[in-house]
Structures are given as structure tokens and as C-alpha cells.
Amino acid sequence: MISWPRVVLFGDSITQFAFEANAWGSLLANKLVRKCDVINRGLSGYNTRWAKLILPRLISKKCNDQKTLAVTIFFGANDSALKEDNPQQHVPLEEYIENLKCMIDYLKTIDITQDKIILITPPPLYEKDWETQCINKGNKLNRLNSVTGVYAKACVQTANECGTEVLDLWTLMQKENKDFQVYLSDGLHLSDEGNKFLESHLWQILEKKLSSLQFILPYWNDVNNLDPQASLLQESD
């Protein structure tokens with residue numbers, strides 16, 4: 001069997017939806033086709049409290065034999081839900097920080113070093129649109145952008161302390177007082193523009209790590225048609 005390297009995307013619904021048409025995960029997978037598998041392990045509605053428990057069931061020492069080159073950890077949109085209005089998903093800030101550290105520490109125990117780990121902060125919350133979503137479900141607004149920002153800042157600080165990469169979506173999408181509504185489809189999840197924004201910034205990080213990857217198996221016109229076995233059945237790493 002040919003061992004295909006891989007990048008694992010681990011997160012909540014924003015990751016689960018990443019393989020929809022023109023979404024950030026599918027854009028990455030297209031750039032890495034025949035070089036690396038992009039694996040989606042997004043779990044809609046999940047927070048870091050649940051994520052740290054299931055991570056060892058999703059990425060193990062055995063599966064890391066398949067050359068895990070990078071792992072994104074993309075949580076916070078649910079952790080930062082308001083406790084009084086959404087206790088099911090809310091995780092206190094200090095616990096959120098410890099959960100991120102716990103996941104980083106676990107990955108390091110299976111030889112996925114901190115330079116292969118990328119934390120992604122939650123994007124900003126456009127409260128007006130998200131409130132409409134909440135009201136349509138018979139609820140009131142259960143998140144605030146200012147609170148999401150506190151969790152995003154904690155995510156960045158945790159990455160700096162642990163020596164991992166970090167993509168600070170919350171700050172970047174609001175840079176220079178930009179109207180960030182365009183990046184969100186419903187106030188919380190990404191629009192087409194938001195997916196492009198995330199992918200382009202994440203690729204700047206990943207490209208440095210993956211630039212040496214070569215195509216797996218030769219181009220079709222490089223195959224020796226008189227002796228295809230010589231081209232296709234070579235020993236490979």
C-alpha cells in the first residue's frame with residue numbers, strides 16, 4: 001500500500017461544513033490532490049470539553065503512521081456561547097484554555113509536534129443575523145461578538161504559550177473596521193467569501209509546511225508505456 005500523507009481538520013460545524021462546494025476544506029484538498037489527503041473531522045455543535053475526550057479516538061499513534069503533516073484545531077464558537085442562554089454548549093474560559101492545551105499535549109504524545117499543530121480562533125459573530133437564527137428557533141440571542149473575542153484572544157495566547165501556529169480569524173476579519181458581515185452566512189458560519197478568506201490565510205501557513213510534497217505516482221505522460229511496471233510499481237516511501 002502507498003502511504004498517503006495527511007492533514008487533519010478537527011473542529012466544530014465550521015469544520016464539518018468545510019467540504020461543501022467552494023468551502024475552505026475542499027479548496028485545500030484541491031490544492032493538495034495527489035500530494036496529501038485532507039481529512040475532515042468536523043463535529044457540528046461540539047465544544048472543547050467534548051473534543052478533548054474524542055480526539056484520541058480520531059487521531060491515534062497507529063494512524064499517525066500515515067504521516068500526519070498538520071492538524072488544525074478549530075473550536076471556540078460553541079465554547080463562547082452564553083452560559084445563561086446556552087448551557088449545553090458553553091465552556092468557561094479557563095476550561096477552554098486547558099482543553100486546548102490538553103489536545104496539544106495529547107498530539108505531542110503521538111509524535112505530532114507543536115510545529116504541525118495550527119489553532120484557529122472562532123470568527124467574529126455578527127449578532128443581528130445570528131439573533132434572527134435564534135429567534136426562528138424560538139430562542140433569544142445566545143452569543144455575543146465581544147465574548148467570542150475574549151475566547152479568540154485566549155486561543156491566540158494559548159498557541160503562543162504552547163509554541164503552535166495560530167490563525168486569528170476573529171481579528172483578521174475585523175481588521176481596519178472592515179464590515180465582516182460579508183464573511184458570514186448566518187452571523188456565525190462562513191459564507192463563500194468567508195471560506196475563501198479562511199482558506200487563503202490558512203494556506204499561507206500550510207504552504208510553508210507542505211511545499212516539499214511531490215505528486216504521488218508519476219504524471220501519466222511520464223509512465224513508460226512499454227514497461228509501465230517500471231514506472232508504477234517502484235518502491236516509495
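Residues are numbered from 1 along each chain as its sequence is written, and side-chain values use heavy atoms, with hydrogens and water left out. Because the model is predicted, local features need pLDDT of at least 70 and side-chain atom pairs count only at pLDDT 80 or more, whereas totals for chains, interfaces and linings use all residues.

Helix α2 covers residues 24–31, and its buried residues (under 20% relative accessible area, 1.4 Å probe, protein chains only) are Trp 24, Gly 25 and Leu 28. Seen down the axis of α2, these buried residues fall within an arc of 100° (taken from the directions from the helix axis to the C-beta atoms), so they line one face of the helix. They pack against several elements, including β1 (6–11), β2 (37–42) and α8 (192–210).

Trp 24 also belongs to the largest nonpolar core, which has 28 residues, and is among those that touch the most other members, together with Ile 120, Leu 169, Leu 198, Leu 202 and Leu 206. Such a core is a set of buried Ala, Val, Leu, Ile, Met, Phe, Trp, Tyr and Cys residues joined through side-chain atoms within 4.5 Å. The largest share of this core, seven residues, comes from α8.

Asn 40, in strand β2, counts as buried because its relative accessibility is 17%. Its side chain reaches the backbone oxygen of Thr 15 at 2.9 Å, and a polar atom of that side chain lies 2.7 Å from the backbone nitrogen of Gly 42.

Technical notes
Buried < 20%, exposed > 50% of the residue type's maximum accessible area, 1.4 Å probe, protein only. Helix = DSSP H or I, 4+ residues; strand = E, 2+ residues; numbered from the N terminus. Contact = heavy atoms within 4.5 Å. Polar contact = N/O pair within 3.5 Å; in protein donor to acceptor, adjacent residues only side chain to side chain.
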